[in-house]
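Please look through the points below with the model open beside you. They go from the sheet to the helices on it, then to the cores and a few single residues.

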Amino acid sequence: MSQYQQLLLIINPALRHSEAINHAAALAKASGAKLHIAAFIPSLKMLSLLEEGDREKARESYLQDHHDWLKNQANNLRGRGINVTTEVAWADDLTQDILDHVSEMQPDLLIKEVQHESALKRAFFTPVDWHLLRHCSVPVYLVGGSGLALPRKIVAAVEVSDTESPDDELNDRIIQQASSLALQCDAELHLLYACNISAAFLADMGGLTLADLTKALRRDLEKSFLKLAGRYGVPSDRRHFISGNPVTALSEFAHDHHVDVIVMGKVQSHGVDKLLGSTTEHILYQVPCSVLAV
């Protein structure tokens, strides 16, 4: 049985050149899943300047235009053998409307195009995509970059420890989700860990130098990584243990190796991290590919 039975795609119908429909359609076709496209239209503030009667006519006309466009898109997809349903609606609270749809439909995957926001805006307002990463109850597939509609190279980005860690369970979910996506798309699956050993986590122990501690910790982390890769049967040429800040290292790896999708964990942020954003949240604005957050 396919990993995916129901896909939910969220679009802004005003952005008619979005690649999100092509990505969702390709995955639905490959997996045989049903695809529901929900087109949410942000309220138009300019309509408030019109008289009430004219305002309603303008709203209906605007809604109908997008409905007709989406109907044509759906007919084209049905012609390709894809089981698709659609809806067009106004969105007063986009984030909550999306979460309500997820709660009601319980799709296997929520698909949406990455909405790029400036660093200045992110400092004052939490982006919609960040809200979804923090609060969505199902995996979130955020389409970004100019990669292939059906991915050919998928990277599972994990977090390993030299001891048992709560990350172990999340690693399993990440790899399982990445494996399922790779299987559906007949894509290569790679496993990656960005090792970022900071002096802040190291101390003077038994006269050992900082270099000794760094080397020992790196060796233990690499051993844990290789054990994880071996457990899932990842070929040696698709195991990548690299050094550096995770956001920078993942971004450079995605650029250099033409990655189509990075699969990562989405962890609830608290305190200062909630303001600054997690690694997964910042990756959205750095990598030239899509991100699947588990």
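1. Helices (H or I, at least four residues) and strands (E, at least two) are DSSP runs, numbered from the N terminus. This is a predicted model, in which local features need pLDDT of at least 70 and side-chain atom pairs count only at pLDDT 80 or more, while totals for chains, interfaces and linings use all residues. Residues are numbered from 1 along each chain as its sequence is written, and side-chain values use heavy atoms, with hydrogens and water left out.

2. Ten strands form an open sheet in the order E3-E2-E1-E4-E5-E10-E9-E6-E7-E8, with mixed pairing; two strands pair if DSSP finds at least two bridges between them. At the edges are E3 and strand E8 (239-243), each of which pairs on one side only. On average, and with direction ignored, neighbouring strands of this sheet are turned by 20° against each other, where axes are lines fitted to C-alpha atoms, for helices over the stretch in contact, and angles run from 0 to 180 degrees between N-to-C directions.

3. Within the sheet, strand E1 (residues 6-11) and strand E4 (residues 109-113) run parallel and are joined by four bridges, and Leu9 stands opposite Ile111 in E4. H1 packs on the sheet, where it touches E1, strand E2 (34-42), E4, strand E5 (140-143) and strand E10 (290-293), and its direction makes about 175° with that of E1; contact means heavy atoms within 4.5 Å. Helix H3 (residues 94-105) lies across E1, E2, E3 and E4 and runs at about 160° to E2.

4. Is H1 largely enclosed or largely open to the outside? Nine of its twelve residues are buried, so H1 is largely enclosed by the rest of the structure; buried means under 20% relative accessible area, exposed over 50%, and partly exposed in between (1.4 Å probe, protein chains only). Among the buried residues of H1 are Ala20, His23, Leu27 and Ser31, and just after the helix Gly32 takes a positive phi of about 75°.

5. The largest nonpolar core has 53 residues, and Leu7, Leu9, Leu35, Ile154, Val158, Leu181 and Leu191 are those with the most contacts inside it. A nonpolar core is a set of buried Ala, Val, Leu, Ile, Met, Phe, Trp, Tyr and Cys residues joined through side-chain atoms within 4.5 Å. Helix H6 (residues 167-185) gives the most to this core, with seven residues. Leu181 touches Tyr4, Leu27, Tyr141, Ile154, Val261 and Leu292, not counting residues up to four places away in sequence.

6. Val263 is found in strand E9 (residues 261-264) and counts as buried, at 0% relative accessibility. The C-alpha atoms of Val263 and Leu181 are separated by 9.5 Å, although these residues are 82 apart along the chain.

7. Gly81, in the loop between helix H2 (52-79) and strand E3 (84-91), is exposed, with a relative accessible area of 58%.

8. Most residues other than glycine have a negative phi. Gln106, in the loop between H3 and E4, has a positive phi of about 50° although it is not a glycine, and this residue is partly exposed, with a relative accessible area of 47%. His258, in the loop between helix H8 (246-257) and E9, has a positive phi of about 55° and is exposed, with a relative accessible area of 64%.
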